[in-house]
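Me: I'd like to go through this model and ask where each label comes from. Give me the value, then the cut-off, then the conclusion.

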There are 2 protein chains.
Amino acid sequence: MAHERPQKNKGLLAVFTGNGKGKTTSSLGLAFRALGHGQRVCIIQFIKGSWKYGELEAAKQFSSLLDFHVMGRGFTWKSDDLEKDKQVALDAWEFASKVIRENKYALVILDELTYLPYYKMIDEQEILSTITSRPSSQHVVVTGRYASAELIEAADLVTEMLEIKHPYKSGVSAQKGFEF
Amino acid sequence: MAHERPQKNKGLLAVFTGNGKGKTTSSLGLAFRALGHGQRVCIIQFIKGSWKYGELEAAKQFSSLLDFHVMGRGFTWKSDDLEKDKQVALDAWEFASKVIRENKYALVILDELTYLPYYKMIDEQEILSTITSRPSSQHVVVTGRYASAELIEAADLVTEMLEIKHPYKSGVSAQKGFEF
């Protein structure tokens with residue numbers, strides 16, 4: 001008989017996608033919630049700069065439970081050296097795969113991972129294979145625009161954040177403590 | 001000359017609406033971010049039960065900066081006593097108005113406030129008037145389905161969370177540390 005994941009404690013795969021604000025912020029909220037349960041959380045940021053000073057400072061309150069990794073050395077998608085960018089992306093993904101497999105965290109947040117397959121930096125099948133074969137109780141959150149149909153198919157929960165209004169478009173600059 | 005809000009430090013009004021998961025979770029993420037900046041945050045929950053054990057425990061790490069109020073004594077919209085429900089809603093809103101006016105917080109989160117005008121418990125104009133005349137540097141977040149056109153018009157930032165997939169529909173029960 002094939003092994004089945006115990007339904008009772010199945011880790012969920014959540015995807016926050018779409019062009020609106022709230023994708024990274026929602027994953028931050030989930031981290032906060034899990035930390036409150038005393039669960040270990042790992043946040044891996046694939047695009048440099050999407051996490052700001054505020055959450056990094058707040059995270060220090062939970063330093064025994066929360067590990068935070070900034071990968072990518074600042075992908076800007078404007079590099080002149082595509083091969084180098086690809087290698088950086090591959091290294092980042094390899095690190096994330098290891099984190100998933102090692103099963104030290106109740107929740108693994110792969111922030112802005114979607115851009116890597118979208119920009120052909122990493123093979124999407126490789127990502128899907130790793131995520132869908134993750135430890136059975138582990139929750140994984142993937143954020144970023146352009147989530148693929150395959151990722152959405154594999155997910156348990158998907159929310160599309162639709163931009164209805166954006167403050168920067170109305171001339172308001174980013175506010176301390178409130179940057180999205 | 002009319003007074004204008006100083007553009008440099010204008011508090012934003014953000015609205016998270018729509019039928020998808022992530023509305024309350026996003027506001028929680030914003031709270032976390034502001035707390036990391038050492039800013040004071042007030043969360044007012046208008047519908048009992050939308051905030052779970054996880055965030056309440058996590059919030060304790062920031063007890064000097066974060067105040068958390070559960071109003072409504074559990075609106076279920078199934079009460080037999082509409083007048084009593086209305087009074088409870090009015091009391092809750094009066095409390096929130098006071099918090100906004102007193103200007104003790106950099107960020108005030110009005111979680112699931114939208115249901116009160118939607119169910120005709122409170123006059124929407126009263127809410128809009130209070131929110132739009134808030135202290136100039138104060139950020140306010142309103143969450144909940146059915147945000148009105150007027151609220152969206154008044155907001156600086158609006159994201160609609162669209163449900164693409166929901167785990168409970170695929171037979172997965174709520175998971176500790178990951179409840180939305």
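Me: Which contacts in chain A with a separation of 6 or more are between residues 24 or more positions apart, and what share do they make up?

Reply: Residues 24 or more positions apart account for 80% of the chain A contacts with a separation of 6 or more. Contact here means heavy atoms within 4.5 Å. Ground rules: this is a predicted model, where local features need pLDDT of at least 70, side-chain atom pairs count only at pLDDT 80 or more, and totals for chains, interfaces and linings use all residues. Residues are numbered from 1 along each chain as its sequence is written, chains are lettered from A and ligands numbered from 1 in the order in which they are written, and side-chain values use heavy atoms, with hydrogens and water left out.

Me: How many helices and strands does chain A have, and what makes a stretch count as one?

Reply: Chain A has 6 helices and 6 strands. Read from the N terminus, the order in chain A is β-α-β-α-β-α-β-α-α-β-α-β.

Me: Why are helix 3 and helix 5 of chain A called roughly parallel?

Reply: The axes of helix 3 and helix 5 (residues 124–132) of chain A cross at roughly 15° and come within 10 Å. Those axes are lines fitted to C-alpha atoms, for helices over the stretch in contact, with angles from 0 to 180 degrees between N-to-C directions. Under 35 degrees is roughly parallel, over 145 roughly antiparallel, 65 to 115 roughly perpendicular, and the rest oblique. So helix 3 and helix 5 of chain A count as roughly parallel. The residues making this contact are A:Trp93, A:Ser97 and A:Ile100 from helix 3 of chain A, with A:Glu126, A:Ile127, A:Thr130 and A:Ile131 from helix 5 of chain A. They divide into 4 nonpolar, 2 polar and 1 charged. For those classes, Ala, Val, Leu, Ile, Met, Phe, Trp, Tyr, Cys and Pro are nonpolar, Asp, Glu, Lys and Arg are charged, and the others, Gly among them, are polar.

Me: Is A:Ser97 buried or exposed, and how do you know?

Reply: Buried means under 20% relative accessible area, exposed over 50%, and partly exposed in between, with a 1.4 Å probe and protein chains only. A:Ser97 has 5% relative accessibility, so A:Ser97 counts as buried. A:Ser97 sits in helix 3 (residues 82–102) of chain A and, leaving aside neighbours within four places in sequence, touches A:Glu126 and A:Thr130. Across chain A, 56% of the 180 residues count as buried.

Me: What makes helix 1 of chain A roughly perpendicular to helix 1 of chain B?

Reply: The axes of the two helices, residues 23–36 in each chain, come within 7 Å and cross at roughly 80°. That angle is what makes helix 1 of chain A roughly perpendicular to helix 1 of chain B. By class, this contact has 6 nonpolar, 8 polar and 2 charged residues.

Me: What makes a set of residues a nonpolar core, and how many residues has the largest one here?

Reply: A nonpolar core is a set of buried Ala, Val, Leu, Ile, Met, Phe, Trp, Tyr and Cys residues joined through side-chain atoms within 4.5 Å. The largest has 41 residues, and A:Val41, A:Phe62, B:Val41 and B:Phe62 have the most contacts inside it. B:Phe62 touches residues including A:Phe32, A:Phe62 and B:Leu35.

Me: Why is B:His69 called partly exposed?

Reply: B:His69 has 25% relative accessibility, so B:His69 counts as partly exposed. B:His69 lies in strand 3 (residues 66–70) of chain B, and its contacts beyond four places in sequence include B:Cys42, B:Ile44 and B:Phe95.

Me: Which label does B:Glu112 get, buried or exposed, and what is its phi?

Reply: With a relative accessible area of 13%, B:Glu112 is buried. Its phi is near 65°, a positive value in a residue other than glycine. B:Glu112 is in the loop between strand 4 (107–111) and helix 4 (115–118) of chain B.

Me: And how do you label B:Tyr146?

Reply: B:Tyr146 has 39% relative accessibility, so B:Tyr146 counts as partly exposed. B:Tyr146 also has a positive phi, about 60°, although it is not a glycine. B:Tyr146 is in the loop between strand 5 (139–143) and helix 6 (149–154) of chain B.

Key. Helices (H or I, at least four residues) and strands (E, at least two) are DSSP runs, numbered from the N terminus.
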